[in-house]
Amino acid sequence: MIIKKISFLNVRKTTEAHYSFIPQTNLIVGKNGAGKTTIIEALFLLSTTKSFRKKQNKAIIKEGKKKLEVKGVFFKKQRQKTIKLSIENKKKTIKEDEEI
């Protein structure tokens, strides 16, 4: 499966972000504190529904916010698939394609 796009709201210190990727190798570069790990964590969260850094999902929701959203667009065998994960009030919701 190849990731084409990811967008997220209220993940760690990031209010909103949108990134696009190419099928070849992608590099994520930036200064310390720029949000590189947040991008990787959002991808991991979308893939596994949990954080690789914290046991409680509340810890990854931006301080002062109640809801987190991560949306990814993937390609597999020339088919596009969109997945959206929301976490609000300790409840996880996962939606795919036509449900979004």
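These legends describe close-up views of a predicted model. Local features need pLDDT of at least 70 and side-chain atom pairs pLDDT 80 or more, while totals for chains, interfaces and linings use all residues. Residues are numbered from 1 along each chain as its sequence is written, and side-chain values use heavy atoms, leaving out hydrogens and water.

**View A. Helix H1 and its buried face.** H1 (a DSSP run of H or I, at least four residues) covers residues 36–48. Its buried residues (under 20% relative accessible area, 1.4 Å probe, protein chains only) are Thr-38, Ile-39, Glu-41, Ala-42, Leu-45 and Leu-46. They fall within an arc of 165 degrees, taken from the directions from helix axis to C-beta atoms, so they line one face of the helix. They pack against strands S1, S2, S3 and S4 (strands are DSSP E runs of at least two residues; contact means heavy atoms within 4.5 Å). Just after H1, Thr-49 has a positive phi of about 65 degrees.

**View B. The salt bridge between Glu-41 and Arg-12.** Glu-41 lies in H1 and Arg-12 in the loop between S1 and S2, so the pair ties together parts 29 residues apart in sequence. Glu-41 is buried at 1% relative accessible area; Arg-12 is buried at 15%.

**View C. A network of Lys-67, Glu-69 and Lys-84.** Glu-69 pairs with Lys-67 at 3.1 Å and with Lys-84 at 3.8 Å. Lys-84 lies in S4 and Glu-69 in S3, so their pair links parts 15 residues apart in sequence. Glu-69 is buried, at 17%.

How values were computed. Expected span 1.5 Å × (residues − 1). Buried < 20%, exposed > 50% of the residue type's maximum accessible area, 1.4 Å probe, protein only. Salt bridge = Lys/Arg side-chain N within 4 Å of Asp/Glu carboxyl O.
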